[in-house]
Amino acid sequence: MNARFHDPQRAQRELLSGSQLLGGLPPAVLDSLIGASRLVELAANESLYAAGAPIREAYILFSGTVKRVAQMPGGALRVVELLQTEQLLSPGELFGASHYLSSCTSIKLSLLVAIDLRRLREAMQSSHELSHRIITALARHQCATEFDATVYHYGLTGTQRLLDYLLELAGDRSSLAGETTVTLKASKKVIAARIGMTPESLSRNLRELSDQGVIVVDGRYIHIQNAAVLDTTGGQQRQRLNFQRKRKGDGADPAKPPTAGALVNMCGRLRVLSQRLALAWGSLVSGIGPARARINMRQYEKEFIRNLDRLERFALEPALKTHLSALKAVWPEYLDALCREDAEHAEHIFNLSEKILELADGLTAEASHSSGLPQAHYVNTAGRNRMLSQRIGKFFLFRDWGQLHIAVASLSPPCCEEFESNLKVLARVGRGHPEIEAQLEVVTQQWQRFVRSLCPDLSYSGKVKHSRLVLAEGERLLRSVDTTVKLFERLSQ
């Protein structure tokens, strides 16, 4: 018992016995490998091994991020692999070469265990289970290598390569609905080099995936919307979206409006942005992450203007143009008011946000009505819930300013009732579409969490702490509802 407390290899024992590769092996095999192991801690930007060095140890990464780099014939360096999850490093080189063909460097603080390679090979000869696991690791590495070669030779789009990379990071965690969050632990420059593009192209491809509703970017966190990754427009067969290259001459006419569902979604996005802007302003004035709130305000403002400009370039019907002109006439006043970072302007901000919302809602309703398609109506219904998720959050944040508690008390109940009524309508229409049914179940669960967060709780007695909880739950609800909008938009195609 006392010997275990003074075990000099306690750290390796805990890591290796719980690892995917070695955990659960017979004690004799595992103890042999632990006895031949050492702990390796790397600071950021520290070299683990260099190309040309003899291979004497096998490394298993447990935490942190490392990159493998190979020198190309012309002298340029190429990021061969970016590793940030538990795995065996360089399995191909480990069992197929005597010297490293690549170099390995940490990107951030990393923890690894090194195992003497001779002892590992001896253990493989005595343990069929360990041999099987090593072969599986090699096979996965081979599959990844072949996939990269296919991408290179057949010229998949940058958007497709980025999506595949994000899904690779997600691993087996993704499901039919909901979201899977991955963290970009390396810089954009390193990630871009890994998947064969420039940092600027990486940013553009992230924007395209965001516009497609496939991901939500929140700094280094990427929320993959599982249901939106699926391409169900061609039938009931479940398969991933495929972003193919456009042939010359296939570009869309910039003046031609998009599909009915896409147009309704675009108009409806102005509704939710009007509320997002008010929420960000309220967070800023309340001192709830003011730096982040100011960044969000600029982002929402740019997105609002971008959508206005896109709509204005389309050859819209006269009724839609009239609604768009009315919205554009009020927008500068709202934008000017948002620059006044003082709570005494809260009522003015609130009223203008409601006015902008009313005009954007009229524009969206007209887009839905003019299409004459019931599918476009359901895109509008899903979009209403997207907006309501933020409007109700706005009510919570503004309720104690001036006389707004009176307006909030009268407006909140009908909004909650509409959200739940819309859910029932969408659930009825979505029957027979597994991804929509699963996503609506996620929305229902998140809606319940959001509603519970609105109620005072002793554990969130402080206003700022309580507001952070409400805003966080509202963000999760928004992401799940936004995916629902995208799914119904695809039904309208």
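**View 1. Contacts of Leu 327 in the predicted model**. Leu 327 is in contact (heavy atoms within 4.5 Å) with Leu 270, Phe 304, Leu 308, Ile 356, Leu 359, Ala 360 and Leu 363. Neighbours within four places in sequence are left aside. This is a predicted model: local features need pLDDT of at least 70, side-chain atom pairs count only at pLDDT 80 or more, and totals for chains, interfaces and linings use all residues. Residues are numbered from 1 along each chain as its sequence is written, and side-chain values use heavy atoms, without hydrogens and water.

**View 2. The largest nonpolar core**. A nonpolar core is a set of buried Ala, Val, Leu, Ile, Met, Phe, Trp, Tyr and Cys residues joined through side-chain atoms within 4.5 Å; buried means under 20% relative accessible area (1.4 Å probe, protein chains only). The largest one holds 69 residues. Leu 311, Leu 327, Tyr 334 and Phe 398 touch the most other members. Elements giving two or more residues include helix H11 (260–286), helix H13 (318–338) and helix H18 (463–491). H11 supplies the largest share, 12 residues. Another core, of 35 residues, lies apart from it; Val 40 and Phe 62 are among its members.

**View 3. Helix H16 against helix H17**. Helices are DSSP runs (H or I, at least four residues), numbered from the N terminus. The axes of H16 (residues 404–429) and H17 (residues 434–454) come within 11 Å and cross at roughly 160°. The two helices are therefore roughly antiparallel (angles over 145 degrees). H16 contributes Cys 416, Phe 419, Glu 420, Leu 423, Leu 426 and Ala 427 to the contact; H17 contributes Leu 440, Val 443, Thr 444 and Trp 447.

How values were computed
Axes are lines fitted to C-alpha atoms, for helices over the stretch in contact, and angles run from 0 to 180 degrees between N-to-C directions. Angles under 35 degrees count as roughly parallel, over 145 as roughly antiparallel, 65 to 115 as roughly perpendicular and the rest as oblique. Buried means under 20% relative accessible area, exposed over 50%, partly exposed in between (1.4 Å probe, protein chains only).
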